[in-house]
Amino acid sequence: MIYLDYSATTPVDDRVLDSYIKVTKDFPGNANSIHSLGTKSKELLINATNQIAEIFNCHPKELIFTSGASESNSSAIKGVAFKYASKGKHIITSKLEHKSVLETMGYLSSIGFEVDFVNILENGQIDLKHLENLIREDTILLSICAVNSEVGFKQPLKTIRQVINKKNPNVIFHSDLTQALGKTNFYLSDLDLASFSAHKIYAPKGIGLLYKRKDLNIDTLIYGTTENCPFRGGTPALPLIASFSKAIRLANDSLQTNIKKCEKHKNTLIKHLSKLNIKINSNELCVPQILNLSLLKIKSETFVHALERENIFISTTTACSSLEESVILNAISNGNKEISTTSIRISISHLTTSEEINEFIKKFEKVYSELLFK
Amino acid sequence: MKKVILIKYGELTTKKGNRNFFINTLKKNIESKLLGYEITIENDYYRMFINAKEEDIHNIIEILKNIYGIYEIVVAYMINNKNINVILDSSLEVIKQNDFKTFKVVTNRSDKSFEIHSMDLSQMVGGHILKNIKNINVDVHNPDVILNIEIRKDNVYLSTSGIKGLGGYPVGTLGKALLMLSGGIDSPVAGYLTLKRGVKLDYIYFESRPHTSIEARNKVIELAKKLEKYSFKGKLYIVNFTKIQETIYKNLDETYLITIMRRMMYKIAHSKAKSIKALALVNGESIGQVASQTLSSMLAVNEVTNFPVLRPLCSFDKQEIIEISKKIDTYETSILPYEDCCTVFVPKHPIINPSLKTIYEEESKIDFDHLIIEALETIEEIDLSKENKHNEEYL
């Protein structure tokens, strides 16, 4: 099997799984309990959170564990909208966002918020001039992902922050960092809110993070909060939290090496695949882990299933919206259907080997020529 | 020109015979706080020079700002050439980095073999600066900028403004004391002020589980660690105080509960201090702040020890204490709302003027010596430098 769909999800690292199992066995207590089993769990909770805070260069109190990035995104966006509706009902986002952002925005527009989409330039970056024009006195929130999951476009968060500060410093800046974590550097100091997911960095599914700047107040979605979970409530999912913390540490330790490995593989892929009549959509502004291309003459879905018969796994757009036309590619290609309906995403990992890449290229060429012939 | 950090000593100048000991301790302290940085330190009787990578200098200065025994931290430019023209041009380059209207040049010539006398050199450099920068004047009384030139055996150092250091004596030069750390706002500040006079600290905390929680303990560990930013290799001793406290509570006159409890704490602290060769006890008492901090209460409690009990905050107002605790970043931790053993059992009307006669009568009802020995034997020791990483095997 050759798995090249690491941006959809990743296999759990053995070292991380080991933490999960050990913590499950060794820490039966509820971190909210005041007895010693509880305090033992709480201590681990604190240490696990502190470790992340140290790596992210933020305060531990600014980190809220959630069930994943979708919950983080929803909590951040709804939380700001409901808290600050009296100050303004204008929100800005982009077409580069994940469904959990876009559909939350859709819901908010249905109840009276006004949502604007910032234009995307042909190189995949958001149009900063347009953004500056969009920001108004009554704008309360801007939500732009740091790395787009489908094509891999990176956004200049620091510059975006400068644009906000220049036009209306009260605008709250949220960024979905799901595809940035473990793939590129980021600075939380540029942001007010940020979302993360564990299962994209070789940790188990079912846990994510919301970073919320310490002095920022937003509404909570869940009532019945506790001292340990003052924002989100619930019993801290200690095995998940500890393994997430470990995965973040491991990802941070090997970030630069991993980037180099993926760059090498991506270059090999581009070198060989661009000989075919396809359009490479990812560019030099993308993270090296994601390669998006349009097959032009072959529908993405057909191609993905054909590769699957060869025991190779990639995806069409993103796992969460696999069967739809790509909104982003539609946007950057001026509505060229051939590009936006035939795209596939190959996502690589530091676990990917050169043998896998070579084998993949061979199979790709084979399937491509077979399908083209039909 | 190479950037180096120049350190001017604090009150060390007054310590004639011990001066080398003070300087060496300061050097050792600096080295231990700068572990991980590639540095070399040179020093003489008047100055210390730290050579570091230029990109580290900013971070190093931030660390030096928290080390006692430093009067001033100066970023100086070193030239290893005593040619007068080089000195003139370099001086001009260094002073140009400042925005000023008036200046003065001060030369210090510790290398007496250098042929130009200090006053003459100052004049030459001043003249050169006046010639090359427009619209400026010399002002020897109140200049905007002072250019310091130090002619030393091997090198010449040029510098303008410096950053004020913490002052005080290098920690460790004047012995060790045991700080009674409660978890409140005052005791960390008392510790900080004691460190200033070169006294190294170990810490003692009285814990009364289950009446106090692990959170209260962690809070104290956190506070001790924050103080360690200014100190070195301190140890935290945690006393299991439950039995003594419960015994007092169950058997003795309620109004004397706090007085006797504190006497027991002092007895234990005294014995521990003695065994670790500490020479004094330190606490955060401020006269009159609470019933147990009246002079007559202090008298009654102090009676159990012949060690000096340092109370650096005795004359401070609460607001003044809070200001310092904010400055040293202990305030936020101190105000976390966990019960400590002084707040667990609080009598409705604690005695304000305790009488020793009653104290003796009350204390004679219980075999406290036995309980104290037990408490001393079960003291837990926490190495603060190692307390940083926890649960490593899971994370």
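**Helix packing and the A–B interface**

Hi everyone, let's start in chain B, where helix H8 (residues 257-275) packs against helix H13 (residues 356-363) at an angle of about 75 degrees, their axes 11 Å apart. Because 65 to 115 degrees counts as roughly perpendicular, H8(B) is roughly perpendicular to H13(B). Axes here are lines fitted to C-alpha atoms over the stretch in contact, and angles run from 0 to 180 degrees between N-to-C directions. Helices are DSSP runs (H or I, at least four residues), numbered from the N terminus.

Before I go on: this is a predicted model, with local features needing pLDDT of at least 70 and side-chain atom pairs pLDDT 80 or more, while totals for chains, interfaces and linings use all residues. Residues are numbered from 1 along each chain, chains are lettered from A in the order written, and side-chain values use heavy atoms, without hydrogens or water.

Now, the interface. Here 17 residues of chain A are in contact with 10 residues of chain B, contact meaning heavy atoms within 4.5 Å. About 1200 Å² is buried between the two chains, with carbon and sulfur atoms giving 49%; that is accessible area (1.4 Å probe) lost on putting the parts together, summed over both. In chain A, Thr39(A), Glu43(A) and Asn47(A) lose the most area to chain B, together 34% of what that side buries.

How many salt bridges are there between chain A and chain B? The count is 0, with the rule being a side-chain nitrogen of Lys or Arg within 4 Å of a carboxyl oxygen of Asp or Glu.

Finally, helices H1 (14-26), H2 (36-56) and H7 (238-253) of chain A each supply at least two residues of the side touching chain B. H2(A) gives the largest share, 7 residues.

Note on methods
Angles under 35 degrees count as roughly parallel, over 145 as roughly antiparallel, 65 to 115 as roughly perpendicular and the rest as oblique.
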